[in-house]
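Hi,

Here is the structure I said I would pass on.

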Amino acid sequence: MFYVFFGLGASLKWASGPANVLLIALAFGLILATMVQSVGHVSGAHINPAVTFAFLIGSQMSLFRAIFYIAAQLLGAVAGAAVLYGVTPAAIRGNLALNTLHPGVSLGQATTVEIFLTLQFVLCIFATYDERRNGRLGSVSLAIGFSLTLGHLFGLYYTGAGMNPARSFAPAVLTRNFTNHWVRP
C-alpha cells in the first residue's frame, strides 16, 4: 500500500513538461528501502509478486504462502492507489501514472527490457538475502532500494519501469485500462 501510494504519487505530473525521472526513480527506491528496513524482518518485505514468484520457483517459499502473499500484494497495491486517487485533484491524477510504452518501443522490446529490469532486481534481492553469504557488507535495504532506483532510471524511458506486477495492476484497476498494463510500472 505504501509503496504504491508514494511511488505513484511521485510519478504524478503536477507541472507541465517532461516527467522528472530522477524524482520518480528515487521515490520508488527510497520507499522500497524504507519498507525493507521497516518490515523486512516480518515478511521478508515481499511487496512485489515477481519477487515472490522467484522465491517460489527457487524453493524459498511454499506455494500456499506465495499465493497469499501475491493476493495481499495486489490488494495492498489497489488500496494504495485508491487512497492516492481519492486525495489527488482530478486534473492532476489523470491516468494515475499508468505509464505507456515510449513511442517507437515495440511490445517485444518492452517485454525484453522488463525481463532484464526484473531479473537484475530479483538477483539483487536473492544475493542480499542469501544466508550463505559470509560477512554481509552494507545495508540490505539500501542495496535493494538502489537496485530498484537503477531499474527506474533506465526503464522509465522504455516502459515506465514496471518491475512490479502489483504496482502495474493497481492503476490499471482504478482507471480500467488494461492495455499492456503488465509491461507498465
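This is a predicted model: local features need pLDDT of at least 70, side-chain atom pairs count only at pLDDT 80 or more; totals for chains, interfaces and linings use all residues.

**The core**

The largest nonpolar core has 37 residues, and the ones that touch the most other members are Tyr-3, Val-4, Leu-8, Leu-32, Phe-121, Ile-144 and Leu-148. Helices α1 (2-11), α2 (21-43), α3 (49-57), α4 (63-87), α6 (107-129), α7 (140-155) and α8 (165-175) each give two or more residues to this core. The largest share, 7 residues, comes from α2. As background, nonpolar side chains tend to be buried together in soluble globular proteins.

**Helix α1**

Next, take a look at α1, where Tyr-3, Val-4, Gly-7, Leu-8, Ala-10 and Ser-11 are buried. Seen down the helix axis, these buried residues of α1 fall within an arc of 160°, so they line one face of the helix. What lies over them? The cover on the buried residues of α1 includes α2, α4, α7 and α8.

**Two helix pairs**

A quick reminder before the values: two packed helices are described by the angle between their axes and the distance between the axes.

- α2 and α7: the angle is about 155° and the axes are 8 Å apart. Angles over 145 degrees count as roughly antiparallel, and α2 and α7 are therefore roughly antiparallel to each other. α2 passes α7 in a right-handed crossing. On the α2 side, the residues that meet α7 include Val-21, Leu-22, Phe-28, Leu-32 and Gln-37. On the α7 side, the residues that meet α2 include Val-140, Ile-144, Leu-148, His-152 and Leu-153.
- α1 and α8: here the angle is about 70°, with the axes 11 Å apart. Angles of 65 to 115 degrees count as roughly perpendicular, and α1 and α8 are therefore roughly perpendicular to each other. Their crossing is right-handed. Tyr-3, Val-4, Leu-8 and Ser-11 from α1 meet Arg-167, Ala-170 and Pro-171 from α8.

**Single residues**

The C-alpha atoms of Leu-30 and Tyr-85 are separated by 21 Å, and the two residues are 55 apart along the chain.

Thr-118 sits in helix α6. Thr-118 is buried, with a relative accessible area of 18%. Not counting residues up to four places away in sequence, Thr-118 touches Ala-50 and Met-163.

Finally, the backbone. Most residues other than glycine have a negative phi. Which residues go the other way? Among them are these two:

- Ala-45, in the loop between α2 and α3, has a positive phi near 55° without being a glycine. Ala-45 is buried, with a relative accessible area of 10%.
- Ala-161, in the loop between α7 and α8, has a positive phi of about 60° and is not a glycine either. Ala-161 is buried, with a relative accessible area of 0%.

Over to you!

Key. Residues are numbered from 1 along each chain as its sequence is written. Side-chain values use heavy atoms; hydrogens and water are left out. A nonpolar core is a set of buried Ala, Val, Leu, Ile, Met, Phe, Trp, Tyr and Cys residues joined through side-chain atoms within 4.5 Å. Buried means under 20% relative accessible area, exposed over 50%, partly exposed in between (1.4 Å probe, protein chains only). Helices (H or I, at least four residues) and strands (E, at least two) are DSSP runs, numbered from the N terminus. The arc is that of the directions from the helix axis to the C-beta atoms. Contact means heavy atoms within 4.5 Å. Axes are lines fitted to C-alpha atoms, for helices over the stretch in contact, and angles run from 0 to 180 degrees between N-to-C directions. Angles under 35 degrees count as roughly parallel, over 145 as roughly antiparallel, 65 to 115 as roughly perpendicular and the rest as oblique. A crossing is left-handed if the near helix is turned anticlockwise from the far one by less than a right angle, and right-handed if clockwise.
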